[in-house]
Amino acid sequence: MQPPDSAPHRLLVEGKDDLHTIIHLMLRHGVNWESWSDDNKAIPYVHDCKSYSKLSDVVAVSAKSHRRLGVIFDANSNPPSRWNQIRDRLSRENISIPDSPDPNGIIIDGSLPGSKIGIWMMPNNNLQGAIEDMLITLIPGNDCCWAYAEEATNEAKSKGARFRENDFIKARLHTWLA
Amino acid sequence: MLTSLHLENYRAFSNLKIDDLSHVNIFVGKNNCGKTSILEAVEMLLTGSDPSAIIRSPARRGEIAVSNSERRGKKYEINHLFHGHLIDYESRFKIEGIQEGKSVFLSCEVVFPQESSDLASDLFENDDEVEPLFILNIESSERGEPIGLPMSASGNVFYESIWRSSLKEKLEIKPINFVRSESIDRFQISEYWDSIALTDKQDRLEEILRIIEPGLDKIAFLSGSRSRVGSYGVVAKLKNIEARVPLGSLGDGIKHILVTILAAVNSTGGTVLIDEIDTGLHYSVMTNVWKILIETAKRLNIQIFATTHSLDCLRSLAWLHRQNPSLCETVRLHRVEKESDRTVAYSSEEVEIAIEQLVEMR
C-alpha cells in the first residue's frame, strides 16, 4: 500500500509534478512507494506541500515530528535566497545546515534524538533552475526527439501557448514526454 | 506559573525534561507514554507542602493494598511512584520545576530509620507485612522540615501516618484541581457548585453548557438522598420539556464540561489538570471549548495542563488559531515520547501549519 500521511518517514516536495517525478525516480532505484506496510515503514510518505512557501513554512514543524525527513525544492532564479530561507527556518529549531548547498546533497542530524534530515535543491544543489532541469540531464545525448521538442515548444509559444518564459524547460520536457 | 519541569525516576520516566511550559499546555503521545503521570507530577510538586500530595495519584489509580487495620486506614502502594515500581534502600524520585523564576522541587527517598521511635513501632504489627521497615523521606521546597513516613519493605504507607504528619504543620496551597475522564467525585463537584450558586458565574456556566446542549435552560444540584442516585445529583431543565432530567441523560460530554468549568472557576490563581480533555465531546463543539478554556485561564490567571489522544481536538485548536491567533499565543502542545528524555513543544501557529500539511504531531 501507499504510505499513509502518518508514516514515520516523510519527504517534502513543492508540487504535484515533483511528487510524481520523485515517486517514479524512487521506483527506478528499487524503492516501490506502494510497498509500505506495517512491517516496512521505512518508505517515506511523499508530501506535496503545494508551493515552495508552504514547504518552507512546514519544514521546521516536520523536523520536530519525523525521525527521517527529506526536503526537495527548486532553486529557481535565486538559489542562495531559497537555500537561506530553509536554513533560517531550521536554525530556529537549533538545526544547522551549511551556508551553501553541497553538490552531493546533505544529510544532517535533526533535533529529535537519532533523527536525520536530507536536503536537495534542484537541479543540482548549485545552479538556478528546477526539477525539470535535473530531469533533462537524464535524457540521452543522442535523443532525436529532444531537439524536435524545442522546435515544437517554440512554435507553440509563437502561436500563443500560455506558459511563462521561465517555464520553457518545463514545457519542452512535457512536449518531449508527449 | 510553572515554566519548566524535570522528572527523575518518577513513574514511566527515568529522566524527562519539559521546557517551554505556557498558560495552557496540552500533552499528546502514544498510549502508556506517561501523559497522565506528567499531570500527576505537577499536582504532587505544587501540593508538596502537604504529605497527602504523594497519595493523590495512587488513590485515583486504585494503587491501594488490602489493609487489616481499620484504625490505620488505607494502605497506599507508594512503590508505583518510583520508576520500575520497585523500591529499595536509597531509591529516590524527584520532581523539579521553575515557578515564577524560582526553583521548586519535591523528592522522595527511601532511607533506614535513624531511631526506632521513627517507625511508630506498632504501625505494621499484626500485619502481613512486617520487618524490615523503611522511612520514606519527603522533602519539598514548599516546606521547611522534611517529612518521614514509615514504609513497609514493598513500599506501602498507611493513611494514618500521612494524616498524623499533616497535623504537624498546615501550609497554604494555591488552588489546584484534577479533572478525570472516568469517574467524577460527586462531593467535589457539589463543593465547586456551592461557590458559584446564584452568582454571575452560574449564568456563565449555563451559557457554556448551552454550546453543547442548546436546549438547556437551567441546572441545579440536588441535596438529600435523591442526589445519591443518577448523575452526581445534577439535574437540568430543558426549554421545551416540562420534567427535569438528570444531567447524565444529556451525555458524557456535557458532564465533562460541567466538571471542567467548575474546576476552573474554583482554581483562580492556581492550576487545573484535565485528563483526556475531549472526553465525550464532538469535534464541532471542541473549538468553542478551547476558546472558553483559554479565555478562562487568562481571566482567572490559571495554568492548565491537559492530555488528549484525539486528532479532532488538535484540529479544533488549529481552527481556533486561524480565527483568533492572539488568543492562542498562550497555548503549547507537548509531545511525550517513551524513548526520549525531552518533550517536543509546538506553538499553536505550528499546530495550525502541521494540521494543514498533515504532519502527525501525536
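**Close-up views of a predicted two-chain model**

**View 1. Two helices of chain A side by side.** Here we look at helix 2 (residues 52-65) and helix 3 (residues 79-91) of chain A, whose axes are 9 Å apart and meet at an angle of about 30 degrees. Angles under 35 degrees count as roughly parallel, so helix 2 and helix 3 of chain A get that label. On the helix 2 side, the contact is made by A:Tyr52, A:Leu55, A:Ser56, A:Asp57, A:Val59, A:Ala60 and A:Ala63. Helix 3 of chain A answers with A:Arg82, A:Gln85, A:Ile86, A:Arg89 and A:Leu90. Sort the residues of this contact by type and you get seven nonpolar, two polar and three charged. As for handedness, helix 2 and helix 3 of chain A make a right-handed crossing.

**View 2. A cis proline in chain A.** Between A:Met122 and A:Pro123 the peptide bond is cis, with omega near 5 degrees. To find A:Pro123, look in the loop that runs between strand 5 (116-122) and helix 4 (131-136) of chain A.

View 3. A:Asn94 is not a glycine, yet its phi is positive, at about 60 degrees. This residue belongs to the loop linking helix 3 and strand 4 (106-109) of chain A. With a relative accessible area of 75%, A:Asn94 is exposed.

**View 4. An alanine on helix 5 of chain A.** A:Ala152 is part of helix 5 (residues 144-158) of chain A. Its relative accessible area is 22%, so A:Ala152 counts as partly exposed. Follow the chain for 24 residues and you reach A:Trp176; C-alpha to C-alpha, A:Ala152 and A:Trp176 are 9.2 Å apart in space.

**View 5. The domains of chain B.** Chain B comes in three parts: domain 1 (1-44 + 267-362), domain 2 (48-168) and domain 3 (184-252). The C-alpha centres of domain 1 and domain 2 of chain B are 30 Å apart. Where these two touch, domain 1 of chain B supplies 20 residues and domain 2 of chain B supplies 25 residues.

**View 6. A buried serine in a loop.** B:Ser49 sits in the loop between helix 1 (35-46) and helix 2 (53-61) of chain B. Its relative accessible area is 4%, which puts B:Ser49 among the buried residues. Set aside neighbours within four places in sequence, and B:Ser49 is still in contact with B:Ser140, B:Glu142, B:Arg143, B:Leu171 and B:Ile173.

View 7. B:Leu205 lies in helix 5 (residues 200-212) of chain B, and at 2% relative accessible area it is buried. What does B:Leu205 touch, not counting residues up to four places away in sequence? The contacts are B:Trp193, B:Ile196, B:Ile219, B:Leu258, B:Ile261 and B:Leu262.

**View 8. Another pair of helices, this time in chain B.** Helix 6 (residues 252-265) and helix 7 (residues 283-299) of chain B have axes that come within 11 Å and cross at roughly 10 degrees. That makes helix 6 and helix 7 of chain B roughly parallel. Their crossing is left-handed. From helix 6 of chain B come B:Ile257, B:Thr260, B:Ile261 and B:Ala264, which meet B:Val289, B:Ile292, B:Leu293 and B:Thr296 of helix 7 of chain B. By type, the contact residues are six nonpolar, two polar and no charged.

**View 9. Helix 9 of chain B and what surrounds it.** Seven of the nine residues in helix 9 (residues 348-356) of chain B are buried, so this helix is largely enclosed by the rest of the structure. Among the buried ones are B:Val351, B:Ile353 and B:Ile355, along with B:Glu350 and B:Glu352. What do the buried residues of helix 9 of chain B pack against? One partner comes from the other chain, namely helix 2 of chain A, and it is joined by helix 8 (311-323), strand 17 (331-335) and strand 18 (344-347) of chain B. Just past helix 9 of chain B, B:Leu358 has a positive phi of about 55 degrees.

Note on methods: Residues numbered from 1 in each chain as written. Chains lettered and ligands numbered in written order. Predicted model: local features only at pLDDT ≥ 70, side-chain atom pairs only at ≥ 80, totals over all residues. Heavy atoms only, no water. Axes fitted to C-alpha atoms, helices over the stretch in contact; angles between N-to-C directions. Helix = DSSP H or I, 4+ residues; strand = E, 2+ residues; numbered from the N terminus. Parallel < 35°, antiparallel > 145°, perpendicular 65-115°, else oblique. Left-handed = near helix turned anticlockwise from the far one by under 90°. Contact = heavy atoms within 4.5 Å. Nonpolar A, V, L, I, M, F, W, Y, C, P; charged D, E, K, R; others polar. Buried < 20%, exposed > 50% of the residue type's maximum accessible area, 1.4 Å probe, protein only. Domains from an automatic or database assignment.
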